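Please follow this explanation with the structure open beside it, turning the model as each part is named.

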Amino acid sequence: MTRLLTLAFAAMFLLVPRLAVAQDAQAGKRVFNKCSACHAVGPNAPNKIGPQLNGLFGRTAGSVEGYTYSPANKQSGITWTEETFANYIKDPRGAIKGTKMVFAGIRNEQEVRDLTAYLRSFAADGEPQ
């Protein structure tokens, strides 16, 4: 019996970290509400106060056509990955000194992962992927 309990505990211990880092695009859609006043995603998403975010990952910072970026953003040399995005969204002004993005940031790790999953669900043309 003790061995069975030990195995059950070990299995739970191994599963918990995986559950904690899971991404949930539906939850990310709710997190995106914090971004939607300035950014858009989806088919025909316009640039707003900030650029549209379709196809964000793999894109070079400061490269959306028709949007006027700060020199700091254009010259940042960032290519958006999950890691660079997570660092940026937690503290935009700290990540790119001189950015014109005025946003306090999203510091909750799970919200960042969920938002990432949501943004990943849009191809460069705004279509779901």
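This is a predicted model: local features need pLDDT of at least 70, side-chain atom pairs count only at pLDDT 80 or more; totals for chains, interfaces and linings use all residues.

Residues are numbered from 1 along each chain as its sequence is written, and side-chain values use heavy atoms, with hydrogens and water left out.

Although N44 is not a glycine, it has a positive phi of about 60 degrees. N44 counts as exposed because its relative accessibility is 77%, where exposed means over 50% relative accessible area, buried means under 20%, and partly exposed means in between, all with a 1.4 Å probe and protein chains only.

With these terms in hand, the chain as a whole can be described. The secondary structure of the protein chain comes to 6 helices and 0 strands, and, read along the sequence, the pattern is α-α-α-α-α-α. Of the 129 residues in the protein chain, 36% are buried. The protein chain exposes about 8,100 Å², of which carbon and sulfur atoms supply 59%; such accessible areas come from the Shrake-Rupley method with a 1.4 Å probe, and for residues only the protein chains shown count as cover. Among the contacts in the protein chain with a separation of 6 or more, residues 24 or more positions apart account for 44%, a contact being heavy atoms within 4.5 Å.

Leaving out residues up to four places away in sequence, N73 touches A61, G62, Y88, I96 and T99. N73 and G98 are 25 residues apart in sequence, yet from C-alpha to C-alpha they are 7.6 Å apart in space.

Y88, one of the residues that N73 touches, leads on to α4 (82-90), whose buried residues are F85, A86, Y88 and I89. Which helices do the buried residues of α4 pack against? They pack against α3, α5 (92-95) and α6.

The largest pocket, with a volume of about 490 Å³, can be examined next. On a 1 Å grid over the protein atoms alone, a pocket is an open set of points where a 1.4 Å probe fits, with protein on both sides within 12 Å along at least five of seven lines, and its lining residues have an atom within 4 Å of a point. Grid points are joined across faces, edges and corners, and the volume is the space filled by probe spheres set on the points. The largest pocket is lined by 28 residues, and the closest to its centre are H39, G50, P51, Y88 and M101. The elements that give two or more residues to this lining are α4 and α6 (109-120), and α4 gives the most, with 3 residues. The lining divides into 19 nonpolar, 6 polar and 3 charged residues, where Ala, Val, Leu, Ile, Met, Phe, Trp, Tyr, Cys and Pro count as nonpolar, Asp, Glu, Lys and Arg as charged, and the others, Gly among them, as polar.

The segment after α6 includes D125, which is exposed because its relative accessible area is 52%. Not counting residues up to four places away in sequence, D125 touches P43 and N54. D125 and P43 are 82 residues apart along the chain, but their C-alpha atoms are separated by 6.4 Å. E127 is also found in the segment after α6, and it counts as partly exposed because its relative accessibility is 39%. Apart from its neighbours within four places in sequence, E127 is in contact with P43, S121 and F122, and its C-alpha atom is separated by 6.1 Å from that of G42, 85 residues away along the chain.

Finally, how many disulfides does the structure hold? The structure holds 0 disulfides, a disulfide being a pair of cysteine sulfur atoms within 2.5 Å. For C35, the nearest cysteine sulfur is that of C38, 8.7 Å away. C35 counts as buried because its relative accessibility is 10%, whereas C38 counts as partly exposed because its relative accessibility is 28%.

Key: Helices (H or I, at least four residues) and strands (E, at least two) are DSSP runs, numbered from the N terminus.
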